[in-house]
Amino acid sequence: MTDTVAYGLAIAALIAAVFAGWHTLTERPFGNSLFYVIGVLEIALVALLVGGIAALSMTTRDVDGVLFGSYLVTVGVIPPAAVLWGIAEKSRGGTGVVVVAMLTVAVLCVRLLDIWKASHV
């Protein structure tokens, strides 16, 4: 796991959060454009999951595998859960949940990097 991957995904999640926040502020319902943005992010997070598991299996670093793996899975599960909640909730709260979820994904991506580097564990 590199700094570029972690920070790149965190920035992508922040962009999705800003876009969802714009939907929330303008009282727009969860729409196709927001779905596509989160879908692209989810594809990147699935690639991170696969790459992270592969890297974990080949590394000689002192990485807590269970913690790292649980963060990888969690960061991949949050966007689909947020999408389902955002679609089900027709009020402003639906896109508000997506904002919080994307901010959480951004933080978890940076935390994954910390775990990978075995700092602040």
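Of the 121 residues of the protein, 36% count as buried, where buried means under 20% relative accessible area, exposed over 50% and partly exposed in between, for a 1.4 Å probe and protein chains only. The structure is a predicted model, in which local features need pLDDT of at least 70, side-chain atom pairs count only at pLDDT 80 or more, and totals for chains, interfaces and linings use all residues. Residues are numbered from 1 along each chain as its sequence is written, and side-chain values use heavy atoms, with hydrogens and water left out.

The secondary structure comprises four helices and zero strands, in the order α-α-α-α from the N terminus; helices (H or I, at least four residues) and strands (E, at least two) are DSSP runs, numbered from the N terminus. The C-alpha trace spans about 50 × 20 × 20 Å along its principal axes. Among contacts (heavy atoms within 4.5 Å) between residues at least 6 apart in sequence, 75% join residues at least 24 apart.

The protein exposes about 6600 Å², of which carbon and sulfur atoms supply 71%; accessible areas come from the Shrake-Rupley method with a 1.4 Å probe, and for residues only the protein chains shown count as cover.

The loop between H1 and helix H2 (32–58) contains Glu27. This residue has a positive phi of about 55°, although it is not a glycine. Glu27 counts as exposed because its relative accessibility is 57%. Helix H1 itself covers residues 3–25 and includes Ile11.
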